[in-house]
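Here are my notes on this model, as numbered points. Please read them with the structure open.

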Amino acid sequence: MSFPLLAVGAVRDEAWWRQVAALYPAPPGDLVNLEHGYFGAMAAPVQAAFEQAVRHTNEQLSPFVRGAFTQQHVDILRARIAALIQAQPHEILLTRSGTESMQVLITQYHGLAPGDTVLWSNLDYPAMRTAMRWLAQRRGVTSTQVTLDLPVSDDEIIARYAQAMRAACRPKLLLLSQVTPANGQQMPVRELTALAREHGIDVLLDSAHALGQVEVDVQAMDVDFAGFNLHKWIGAPAGLGFVYMRASQLHKIEPHFGDGDYPLDDIRCRLHMGMPPIGAILAAPAAMDFHESLGGTPAKMARLAWLRNYWVSRAAQLPGVRLLSPLDAQRGSALVGFAIDGMSARQLQQALLQRFGLFTVERNAGHIDVVRATVAITTTTGELDRLVAALAVLGAEAG
């Protein structure tokens, strides 16, 4: 089943979106899943392509994998990805996840020496914070956290990063999230990248939560390095990500464990994957086709922003409820962090699940833990009404 591009106002066309939702698996029982930030469900045509890819690979085995798969299908996907983010195919490296993508960039960035400083924030993904701290042990650098309190404005973000860059001794590297994982904040990437360039700092952009739900244009953002996955907002099978490295900056990332299968000027020597996620790679073009059939990122972004505002605008008025994400959807995303006064994040997450059948997730933002609710394009207004009603009850009880 195919769909035309979205018309104006279609973000509120619940009948149309029910047709879209019918192409996704129905959730089990009465549980409402509001944790779509982990990974997204495959639509029916994508799952069919994935299942066919697994069957075909299992039948054809090595002659196919060492032949057409390696020689054609991998490059087909690299070209599709490059067009999606305004890059070139030779600047795309396939990986198995956004985490692996960022670990390639962080751990293989070789322009560091003892006494240099690397910067990151408490709003970055926990595993990436760990990797940046690890650089202090492995490379002898100073690993410095930029502390951002929630909620936080763009002006405050820029001011905090500027202060940290000025105060750092020989700042060299900055980890930056395009969309922060705990509260879904869209960071002012272009402004921060320009600021970093003024200080001679390279930026490693974590776009794991961006691709497919907000615009990603590596040229417009002027970034040299970025890590992604395809299983969140693009809807490809789990187990597939990629790295973007600007060709002129490729020399700053070391080959993976000295890999010699490809020459130094070939991005593919930056990760020796071994057995690749064959089925996911073969099915990913179907996911991109389906993504585009719904209107692509602009349509998804509009739908997700409308759903987000549908519940956030009311939750912000509830006594005892603290929203830790921007109220403005243009600065936020489908991921929203919140808390209730007098309850720990764990208590709140469990109460929503056990008492109200709402599945959310507890996420760490450095010095605090928050509860995160994430809508999908298939989330219904009725499900969000349940969330707002539950927060009203819990907020009143805690008060």
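1. Ground rules. This is a predicted model, in which local features need pLDDT of at least 70, side-chain atom pairs count only at pLDDT 80 or more, and totals for chains, interfaces and linings use all residues. Residues are numbered from 1 along each chain as its sequence is written, and side-chain values use heavy atoms, with hydrogens and water left out.

2. Helix H5. H5 covers residues 154-167, 14 residues in total. Helices (H or I, at least four residues) and strands (E, at least two) are DSSP runs, numbered from the N terminus. From first C-alpha to last, H5 reaches 20 Å, close to the 20 Å expected at 1.5 Å a residue; the expected span is 1.5 Å times one less than the number of residues.

3. The faces of H5. Ile 157, Tyr 161, Ala 162, Ala 164 and Met 165 are its buried residues (buried is under 20% relative accessible area, exposed over 50%, partly exposed in between; 1.4 Å probe, protein chains only).

4. Seven strands form an open sheet with mixed pairing, in the order S2-S8-S7-S6-S5-S3-S4; two strands pair if DSSP finds at least two bridges between them. S2 (92-95) and S4 stand at the edges with a single partner strand each, so one side of each has no neighbour in the sheet. Strands S7 (residues 225-229) and S8 (residues 241-245) run antiparallel, joined by five bridges. Phe 225 stands opposite Met 245 in S8.

5. What joins Arg 372 and Glu 35? Their side chains meet in a salt bridge (2.8 Å, N to O); the criterion is a side-chain nitrogen of Lys or Arg within 4 Å of a carboxyl oxygen of Asp or Glu. Arg 372 is in strand S13 (residues 369-374), while Glu 35 is in the loop between S1 (32-33) and H2 (44-85), 337 residues apart. Arg 372 counts as buried at 3% relative accessibility. Glu 35 is also buried, at 9%.

6. A network. Salt bridges link Arg 197, Asp 222, Asp 224 and Arg 246. Between Asp 224 and Arg 246, the closest N and O atoms are 2.6 Å apart. Asp 224 is buried at 8% relative accessibility, and Arg 246 at 15%. The whole structure holds 20 salt bridges.
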